[in-house]
Amino acid sequence: TEGVAEVRVAMMADRPARRIIAIGSGKGGVGKSTLTTNLAVALARAGRKVGIVDADIYGPSQPKLLANEGERPVAENDKLVPVESRWGVRVLSMGHLVEPGRAIAWRGPMAGRALGQLIDAQWGDTELLLVDLPPGTGDVQLTMLQRFKPAGAVIVSTPQDLALIDATRAMQMFEAGGVPVVGLVENMAGYACPHCGEISDPFGAGGGEATAAEKGVPFLGRIPLALGIREASDTGTPPAAGDDAHGEAFRAIGDRLVR
Ligand code: ADP
């Protein structure tokens with residue numbers, strides 16, 4: 001049934017148009033940033049010109065996930081120039097603009113302005129801009145919806161009921177804002193014990209797919225909870241850049257998202 005996901009984000013071959021895809025979740029810690037990085041790397045591998053805006057202004061993680069924490073974007077004609085990463089993905093993150101480890105305690109309007117600078121930057125020939133949103137349905141998300149009108153939103157959730165309830169709320173926010181939810185991804189679905197190989201389901205199983213079906217949203221696929229994904233992410237080597245099963249899973253999701 002994984003093949004049922006319809007691919008909704010059409011790319012126009014004849015007319016290069018930049019598409020913004022928002023990546024959202026109801027809760028934090030469900031793997032939204034990890035998915036954003038790996039989708040971007042997968043799509044870049046497939047020949048797309050992809051950029052990431054790390055709009056998780058209060059907890060930016062893209063610089064670490066892409067192993068370019070030391071980079072500093074410059075400004076040209078009053079606009080930021082995105083930073084290149086070694087995976088062929090351009091990125092702009094608050095994490096590149098403030099000192100690592102320093103807390104950002106902004107009120108909503110300032111966070112909204114910061115987001116504006118990251119999105120309204122010199123993205124050049126970037127075709128697809130994936131925006132890693134903060135979790136939930138707050139000011140940054142509303143600014144995103146109202147000012148930048150993404151072409152679509154991808155929602156990430158674990159299979160756990162609690163996370164799915166919040167994911168449903170996030171879906172409602174996008175749809176109310178006129179942004180179609182182009183797919184749901186289930187992350188941390190199933191854990192293979194590194195010792196005995198037995199598969200267990202710490203956050204339950206199948207809930208993401210069921211919720212997608214219930215809401216009439218395409219199910220883009222599932223990613224297991226895996227030690228290898230966590231380790232690779234921590235060292236800034238996105239699994240999607242590799243050829244193992246995890247890389248394959250992320251690439252399959254990328255293929256379903258874009259045509
Ligand atoms: P979010 O952006 O939703 O807050 P993150 O992408 O930062 O979530 O992920 C939260 C934590 O879980 C990170 O430590 C990340 O490395 C880890 N993680 C995410 N997805 C997986 C996975 N499929 N398997 C193992 N660890 C994961």
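**Entry 1: helices H3 and H4**

I looked up which residues pair these helices and found that Gly-108, Ala-111, Gly-112, Leu-115, Gly-116 and Ile-119 in H3 meet Asp-139, Val-140, Thr-143, Met-144, Arg-147 and Phe-148 in H4. By class, this contact of H3 with H4 has six nonpolar, four polar and two charged residues. I note that the model is a predicted one.

I then turned to the geometry, since two packed helices are described by the angle between their axes and the distance between the axes. Helix H3 covers residues 108-119 and helix H4 residues 139-148; their axes come within 9 Å and cross at roughly 50 degrees. H3 and H4 are therefore oblique to each other. I recorded the crossing of H3 and H4 as right-handed.

**Entry 2: the ligand shell**

I counted 17 residues surrounding the ligand, the closest being Gly-31, Lys-32, Ser-33, Thr-34 and Arg-230. At least two residues of this shell come from each of helix H1 (32-45), strand E9 (181-192), strand E11 (219-225) and helix H7 (227-234).

**Entry 3: Glu-69**

I located Glu-69 in the loop between helix H2 (62-65) and strand E3 (75-76).

I set aside the neighbours within four places in sequence and found Glu-69 in contact with Pro-63, Lys-64 and Pro-100. I also checked Gly-95, which is 26 residues from Glu-69 along the chain; the C-alpha atoms of the two are separated by 7.5 Å.

Note on methods. Residues numbered from 1 in each chain as written. Predicted model: local features only at pLDDT ≥ 70, side-chain atom pairs only at ≥ 80, totals over all residues. Helix = DSSP H or I, 4+ residues; strand = E, 2+ residues; numbered from the N terminus. Contact = placed C-beta atoms within 7 Å. Axes fitted to C-alpha atoms, helices over the stretch in contact; angles between N-to-C directions. Parallel < 35°, antiparallel > 145°, perpendicular 65-115°, else oblique. Left-handed = near helix turned anticlockwise from the far one by under 90°. Nonpolar A, V, L, I, M, F, W, Y, C, P; charged D, E, K, R; others polar. Near = placed C-beta within 6 Å.
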